[in-house]
Amino acid sequence: MDIAPYALQLFSGLSRAMVLFLLSAGLSLIFGVMNILNFAHATLWLVSGYVTYSMFTFLSQQFGASPWMLLPSIVGAVALMSLLGFALERFLIRHTYARELPEQLLLTFALVLILGDAIKLIWGVENRRINLGVKPIEMMDTLVNPYQFVIIGAGVAVAVGLWYFLHRTRFGKIVRAAVFSRSMVSALGIPIPLIYSGVFALGVGLAAFAGGVFLPLLPMSLGVDHDIIVQCFAVVVIGGFGSMLGTFVASIIVGVVYSFSILFWPDGALAMIFLILIVVLIWRPWGLFGTELRY
Amino acid sequence: MKSAAPQRAANAPGRRFAVVLLALFLLVPLLPGEFWTVVGTEILILGLLAMSFNLLYGYMGQISFGHAAFFGLGAYATAMLFTALKSPDGSIGVPEFLLSLLVGPPVAAVGALIVGFFCVRLTGIYFAMLSLAFGELLFYIVFSWYSFTKGDDGIQGLLPPHYFQDPGNYYYLTLAIVVVALLVMWRITESPFGYIMRTLRDNQRRAAFLGINVRLHMLANFVIAGAFAGLAGALWGPFSRSVSPGLLGWQESGIAVFMTLIGGAGVFIGPIVGSVIYTMLQAVVKMYTVYWPLTIGTIILLIVLFVPGGVLGLVEKQIKARQGRLSDGGGARAGSDEE
Amino acid sequence: MAAILEVTGLHKHFGGIHVTQDVNFSMEEGEQSAIIGPNGAGKSTFMNLLTGYYRCDAGKVVFEGQDITNRPPHWVARRGISRAFQISSIFSKMTVAENVRSAVHAQMRHSFSIFGVASRIGVEETGRVLSLCGLEGKRDLVAGELAQGDKKRLELAIALAGKPRLLFLDEPTAGMSIEEARSTMELVDRLNRELQLTVLFTEHDMGIVFNHARKLTLMHRGEIVVQGTPEEVRANEIAQKVYLGEHHP
Amino acid sequence: MTQSDRKWDKVINDLKLSRRDFVFSSVAAGVLTLTPRFVSAQAGAPYKLGVLLPSTGTGANYMAHCIKGLPVAIAELNKRGGLLGKHQIQMIYRDTETKPDVGAREAKSLILNDKVDAIFGTYSSAVALAIQEIIHEHKVLHFAATSNSSKITQDNYTPYTYQFCPDSNMQSGAVVVAVAKMAKKNGWKSYVSLGQDYEWGRDTHKGFTGSLAKVAADVKETRQLWFKLGETDFTSYITAIMAAKPDFMFGAIAGKDAETFLQQAGQMGLFKRVPFPGGLIAVNDLKAQRKTLPRGMIGLARCPFFAHLNEPIMQAYIKRDRAAFGADDYPDDWACMYYDALGGLEQGAKKAGSVSTEAIVKALKGATIDTCRGKRTFRDCSNQLEVPSYVGEVWDSPDYPFPIYKPDTMVVVEAKEVWTPTCAEVDKLKKKRA
């Protein structure tokens with residue numbers, strides 16, 4: 001049996017998985033700490049893709065075109081978007097903590113609509129893309145896109161970085177404590193509102209990072225956020241709300257299953273994601289790595 | 001602080017308001033031009049969908065993001081029977097047409113029974129996610145099962161019998177069906193079952209210790225809500241002359257949620273008032289700008305921030321505040337809710 | 001008198017922690033008794049096991065000769081066991097009368113009646129329960145806005161609307177003024193006396209315990225330490241050591 | 001200069017100055033909607049034209065040029081007096097969001113509220129099928145110039161719909177002509193299909209497999225892959241195609257998905273292993289992917305301006321387009337086809353001597369009109385304009401800032417070569433309308 005096609009499919013599944021993880025990590029973090037399911041997460045991701053595009057274009061015009069201009073562009077986009085995230089939490093999200101779930105969802109959904117039209121106003125309806133001049137490389141008797149290694153690397157780096165942040169830094173430990181007990185954290189004299197603003201900014205920053213990293217792979221276009229946010233929800237729920245490890249594992253499951261479905265049952269590939277989601281929700285509603293306590 | 005405030009028994013202002021609303025609805029076709037009649041039909045059908053959603057949200061306390069799946073199932077069931085019953089010349093008789101409308105609710109109810117069987121095991125965010133997952137799954141089934149559902153093409157040619165092609169006549173048919181459906185819903189919400197739903201909304205554990213089989217009651221309500229959504233779907237196909245898989249998608253469910261929260265989930269007719277506001281705004285705003293999402297997004301933002309409880313919730317609060325001033329009563333303010 | 005409740009070898013653990021260990025317990029019809037013990041002794045867990053809210057790992061619960069072990073709460077409730085919770089558990093967005101009325105409907109097996117008119121069913125019974133609990137003056141108030149003592153009383157009313165033969169009360173007077181606590185316990189006594197209602201309650205206030213319970217069960221770390229009349233328990237050495245001695249008066 | 005002329009000049013000036021074309025074009029559409037009846041010496045009633053195209057969803061990038069280009073073309077026509085020299089055209093634009101139910105609602109709104117006389121649109125074939133029900137019932141003229149499922153003119157035929165775009169069968173037929181030649185030359189035996197899972201993708205695929213089986217029975221399809229509109233990550237599809245090791249692949253992909261697919265497939269080197277002849281590569285794709293499109297790739301176009309540079313109408317259009325939007329801005333296929341639709345409306349009214357819908361419908365039946373693509377005739381049985389399809393090799397041209405099809409290899413497949421099915425068969429396909 002020739003295993004090369006399967007290995008290749010696994011590789012493309014992993015690449016897809018990291019795409020999903022980069023997108024879902026911030027969503028999962030925000031939900032875990034703040035109990036806010038942010039519908040606008042993918043839209044913020046999309047906005048940051050456009051921002052990165054504009055920065056890349058600007059830098060290329062100023063200092064000459066080079067693929068490396070992507071790096072400062074991503075840094076700039078992450079900084080800008082984190083600020084936006086901070087402001088969104090301060091001025092909008094904060095007012096809904098005491099509200100019921102649907103009102104929180106609705107607020108973030110309103111942001112989806114507003115930001116979507118904002119993109120249309122600022123960048124128009126034409127797709128935005130950049131070209132790094134990436135050339136395919138030969139691997140296992142076939143060709144792959146080397147940028148996929150960048151994506152996988154970025155996904156793993158973010159996973160490791162988040163782990164380090166949550167387990168080894170003071171702020172991270174506080175954030176993790178907030179996942180389990182809000183009252184305890186506030187009893188320690190740590191201002192919860194500041195934690196929330198910080199976490200929201202961090203979550204949006206992660207989305208912004210994902211937006212910048214995907215830009216060379218995916219032309220930014222209006223409306224992709226609507227399709228992808230539902231898949232992100234699926235990943236976060238399967239992994240377990242608030243569990244970064246869960247989000248990581250769920251991304252791999254969803255990415256790889258999707259990839260192999262395309263090989264064996266292409267028509268059902270998307271339905272497979274929702275089947276997994278349904279099975280997990282029925283079997284363990286709190287997700288693979290979530291804790292039952294957070295009902 | 002609550003969007004789902006207590007549903008009071010029909011008080012005099014509420015009843016008066018409902019009568020005025022009905023009278024206004026009866027007069028819509030008298031407006032010049034057929035446009036507002038068509039908008040009115042849309043208000044009624046989507047309002048019925050939102051009302052059925054509110055049976056789950058306002059009365060049972062669970063938010064379903066897959067509710068449009070039953071709207072879509074009803075629409076497809078009707079569309080398929082409609083197509084099968086059409087005579088060779090492409091027309092359909094009135095009895096066949098009405099028969100095809102009737103098939104929507106039971107098919108949707110069966111769908112709701114299957115989906116609900118799993119959903120009622122969960123509450124809160126998990127209920128929302130599972131209903132979303134099932135909704136999307138049903139969407140993909142309809143979308144991908146090309147040989148049976150025609151996939152993304154949808155089904156066209158749902159032209160109702162000659163008499164109902166007139167927008168005014170179709171409007172009155174819709175109004176009659178929706179009013180009857182709303183009366184039935186009203187009876188249900190004011191029945192012992194309806195109040196049991198409110199107990200489940202407020203405190204499921206307590207309800208269980210009263211001897212209430214929580215899941216079974218939730219399932220019953222889920223099926224009822226699904227059937228009404230299916231009825232709305234049945235009316236949609238012949239109104240729009242076609243159906244497409246988008247009717248089952250989560251964005252369609254989102255519209256029902258919008259309407260409910262705009263109008264007010266805590267008041268029986270809140271969702272239909274929300275439908276009036278949403279649909280009319282859409283019709284008017286789209287005449288002037290393509291930035292409809294921006295407009296409605298901003299409105300929703302403002303409502304969530306400043307008018308929690310929706311428009312009718314605000315009105316109700318005002319009335320209560322006035323009554324409170326008159327009687328100088330009001331219970332003691334007490335601590336937080338448990339659960 | 002026949003035993004109305006018979007518990008043998010009840011066992012429950014969460015993870016590695018044993019919260020209920022080999023509990024044998026029985027109550028006779030018409031009895032009014034209390035479970036005492038320090039915080040975390042397993043009193044609430046015990047009630048949750050009896051009413052089917054938690055699953056037992058081992059053991060048997062028999063009510064009126066019928067095995068109710070691991071039956072779901074609603075099934076247990078329908079057999080005639082009602083309970084009230086430590087933290088008052090009511091339907092906070094409904095009015096006081098609606099709270100009780102729905103409990104009455106559930107008891108009348110009207111919970112699936114979708115075309116009946118709720119406000120016309122069980123009106124009398126609702127009124128009776130409300131006046132029994134002294135809540136008729138507050139019937140149209142929203143339950144969530146009641147004072148803490150009234151909430152507890154409402155919960156008792158909800159429990160009574162189920163026409164139970166066995167009533168579990170978890171800290172029935174918590175958060176009440178002395179006066180409210182007294183009248184509440186008097187009501188409990190009256191129910192026990194006049195309706196032959198079997199009552200089991202937990203309580204921190206030893207004054208109330210010794211005045212209103214005819215039998216006491218002391219639990220500690222999930223186990224029953226002593227059982228007997230108030231006098232016997234008071235005299236028991238272990239009881240004094242684990243609980244009574246250290247406890248505030 | 002009349003008042004309306006000044007208004008139009010302002011609109012055009014705005015468009016010229018704008019960097020964010022879309023914003024202004026939609027503002028322009030707003031101006032058009034709000035513009036009161038034009039005052040002109042012997043003006044007839046204004047002719048209201050509803051335009052139903054998406055500015056949201058997968059087709060938005062294809063339609064952007066159309067949406068900004070149509071007001072300019074209409075302004076120019078109005079300057080000449082409008083239809084029949086006296087009916088100023090008033091354009092009313094609505095977004096279909098690429099959703100059939102939204103399209104149907106907006107069609108109703110245009111017809112009942114704005115009382116439009118004709119509707120141009122839509123992008124998605126599924127949306128087109130949905131709005132045909134509405135336009136047939138209300139007897140409103142409908143010109144389709146992008147959505148090209150053969151069902152629009154066949155199964156779902158209505159006399160009120162005229163099609164200015166080669167339909168999916170004609171396009172697939174054209175690809176088959178090219179592919180069959182290449183298969184013979186290269187000894188190709190197997191292929192994999194990748195399609196957008198919706199009406200147009202399915203229909204195009206069916207057309208291709210059907211016609212290919214007739215001319216090259218030994219070439220077999222080994223796999224079919226379908227993806228949902230709006231897919232963002234084609235990696236897994238691309239590896240699946242490579243795994244199947246076909247001799248070539250067939251694609252039914254349009255809109256932003258085509259752009260995403262071509263970019264990702266290019267980066268993964270798919271086309272080095274698996275030739276992809278005959279995928280839709282329209283002028284806007286050539287422009288947007290000027291750097292990345294593999295040169296030498298065989299593409300399919302619907303109405304590329306560079307194929308008809310000697311047609312006066314095309315010349316005039318290009319000139320006006322570059323004047324309005326900058327010298328680098330050449331009209332894309334979609335804009336050209338809608339421009340032809342506008343021309344069709346003008347000529348139809350002239351032939352009919354009236355702007356009444358019934359008169360125009362009758363006048364255009366089987367009529368020959370002047371278009372960007374030369375003199376073209378409507379097919380009698382289906383109102384399908386006999387327009388060719390274009391298959392060619394992506395090639396760097398010295399004349400344009402983006403690649404075009406190499407002129408000496410470009411094949412213009414005339415409609416008559418790929419007419420399927422016959423008129424008798426079309427009549428059988430037509431569904432009965434009550």
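How many residues of domain 1 of chain D are in contact with residues of domain 2 of chain D? The model is predicted, so local features need pLDDT of at least 70 and side-chain atom pairs pLDDT 80 or more, whereas totals for chains, interfaces and linings use all residues. Residues are numbered from 1 along each chain as its sequence is written, with chains lettered from A and ligands numbered from 1 in the order in which they are written.

In chain D, the domain assignment (bounds from an automatic or database assignment) gives domain 1 (3-166 + 307-377) and domain 2 (169-301 + 389-429). Contact (C-beta atoms, placed from the backbone, within 7 Å) links 20 residues of domain 1 to 27 residues of domain 2 of chain D. On the domain 1 side, helix 3 (60-79) and helix 5 (125-138) of chain D are the elements that give two or more residues.

Chain A has 11 helices and two strands (DSSP runs numbered from the N terminus: H or I, at least four residues, for helices; E, at least two, for strands). Their order along the sequence is α-α-α-α-β-β-α-α-α-α-α-α-α. The C-alpha trace of chain A spans about 60 × 50 × 35 Å along its principal axes. Of its 295 residues, 61% are buried (20 or more other C-beta atoms, placed from the backbone, within 10 Å of the residue's own).

Helix 3 of chain A (residues 70-91) reaches 31 Å from first to last C-alpha, close to the expected 32 Å (1.5 Å times one less than its number of residues). Its buried residues, including Leu70(A), Met81(A) and Glu89(A), pack against helix 2 (41-63) and helix 8 (192-214) of chain A.

Notes:
Buried ≥ 20, exposed ≤ 12 C-beta atoms within 10 Å, placed from the backbone. Contact = placed C-beta atoms within 7 Å.
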